[in-house]
Amino acid sequence: MAGFANAIYSTFIRKNTVLLTTAFAGAFAFELAFDITSNKVWDSWNQGRQWKDIKHRYMVKEEEDDE
Amino acid sequence: MTGPVIPIASESSGSNFNFRLHPPSILTSLSPQLAAQFPPWSIALTMSLSSASSTLLRTVARQQLPTSRAAVTSCQQRRGVADAKSSFESPFASANERGSTLKIPNFSKYKSNNSPRSNQVFSYFMAGSLGLATAVGAKATVQDFLVNMSASADVLAQAKVEISLGAIPEGKNVIIKWRGKPVFIRHRTQGEIDEAREAKWEGLRDPQPDEDRVQRPEWLVMLGVCTHLGCVPIGEAGDYGGWFCPCHGSHYDISGRIRRGPAPLNLEVPAYSFPEDETLVIG
């Protein structure tokens with residue numbers, strides 16, 4: 001456990017620049033993951049109610065009318 | 001409420017302290033037991049006493065003054081005796097007394113069993129995680145404000161104009177209205193294209209090749225606003241076969257470039273695209 005802590009310390013914490021860089025990179029990754037996950041949850045919660053779910057019912061007909 | 005500062009020896013607490021108190025706290029000099037019962041902040045409450053009662057207090061205090069002076073004298077004498085013995089008596093209570101606040105508690109129950117390094121790593125991890133969360137929150141806040149400021153989808157959709165190009169014969173101008181401004185669309189003939197391409201554009205006032213001004217050479221799309229003072233030029237006129245502004249006599253060529261007259265710049269080209277072969281979308 002102490003060796004693990006030492007490794008973490010010397011890798012990420014010893015230099016403040018590294019700690020800051022890690023924090024910002026982590027923020028980027030976290031935001032990406034958070035957005036994707038919340039979008040998936042939203043889409044599954046509103047399955048069949050969004051425009052992209054019912055678009056094929058209306059857009060196909062229009063194209064047929066054009067042709 | 002000004003008056004002499006009265007030194008008071010507090011006998012009840014048993015210590016050798018001289019409290020310097022201000023007149024509102026005369027209450028404590030009247031009754032040391034009362035002073036022991038009430039904390040110092042309650043003295044401030046006496047400030048709100050009615051003026052009649054404070055006058056009374058002042059009178060009483062004046063009569064009591066000799067007594068308190070005597071107390072001070074005796075106190076100073078006692079201190080002199082203590083100095084003669086050359087032993088130090090702490091003015092604070094000793095830690096051995098029962099209920100003393102000077103005893104240092106035993107914190108070993110709360111001491112971490114981990115190594116100091118892992119405690120350090122935990123602290124820095126929490127600090128870094130807070131920084132991460134702050135960065136995400138700040139970015140989301142700023143982004144929401146900026147998105148709020150930009151045009152919404154319905155406004156963007158209204159700001160576009162779609163034109164069917166099949167109705168425009170070769171060699172003809174069409175003027176349409178886009179965002180309140182006229183837009184010239186010219187279906188250029190092959191001869192006009194060659195003329196626009198072969199012109200020496202390097203020496204013009206606003207040098208620009210024809211290739212930079214059109215996406216498809218046969219379709220010239222420009223804002224119909226003279227760059228001089230904003231008049232609408234007349235098509236198929238002027239010395240260069242293009243547009244002529246009647247207000248101050250600016251001549252534009254078949255690519256919309258300024259050739260003669262007061263205008264400083266070429267006619268502006270808006271953002272446009274050809275989503276299909278025969279359709280033009282401006283905006």
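Ser273(B) lies opposite Val281(B), a residue of strand β12 of chain B. In this predicted model, local features require pLDDT of at least 70 and side-chain atom pairs count only at pLDDT 80 or more, whereas totals for chains, interfaces and linings use all residues. Residues are numbered from 1 along each chain as its sequence is written, and chains are lettered from A and ligands numbered from 1 in the order in which they are written. Helices (H or I, at least four residues) and strands (E, at least two) are DSSP runs, numbered from the N terminus.

Strands β11(B) and β12(B), the latter comprising residues 279-282, are paired in the antiparallel sense over three bridges; two strands are taken to pair if DSSP finds at least two bridges between them. Two residues separate β11(B) from β12(B) in the hairpin that they form. These strands belong to an open sheet of three strands, ordered β3-β12-β11 in chain B, with antiparallel pairing. Axes are lines fitted to C-alpha atoms, for helices over the stretch in contact, and angles run from 0 to 180 degrees between N-to-C directions.

Burial was assigned from C-beta atoms placed from the backbone: a residue is buried if 20 or more others lie within 10 Å of its own, exposed if 12 or fewer, and partly exposed in between. Of the five residues of β11(B), zero are buried, so the strand lies largely in the open. Ala199(B) counts as partly exposed because it has 18 C-beta neighbours inside 10 Å. Ala199(B) is located in the loop between α6 (190-198) and β6 (219-223) of chain B. Between Ala199(B) and Asp210(B), eleven residues apart in sequence, the C-alpha to C-alpha distance is 8.8 Å.

Another open sheet of chain B has three strands in the order β4-β5-β6, also with antiparallel pairing. Here β4 (173-178) and β6 of chain B are the edge strands, each pairing on one side only. The twist from one strand to the next averages 20°. Six bridges join β4(B) to strand β5 (residues 181-187) of chain B in the antiparallel sense, and Ile175(B) has Phe184(B) in β5(B) as its bridge partner.

Chain A contains three helices and zero strands. Of its 67 residues, 3% are buried. The contact between the chains takes 15 residues from chain A and twelve from chain B, where residues are in contact if their C-beta atoms, placed from the backbone, lie within 7 Å. On the side of chain B that touches chain A, five residues are nonpolar, five polar and two charged; Ala, Val, Leu, Ile, Met, Phe, Trp, Tyr, Cys and Pro count as nonpolar, Asp, Glu, Lys and Arg as charged, and the others, Gly among them, as polar.

Helix α1 (residues 2-13) of chain A packs against helix α4 (residues 116-149) of chain B at an angle of about 45°, with the axes 9 Å apart. The contact involves residues including Tyr9(A) of α1(A) and Tyr124(B) of α4(B).

Definitions and conventions:
Two residues are in contact if their C-beta atoms, placed from the backbone, lie within 7 Å.
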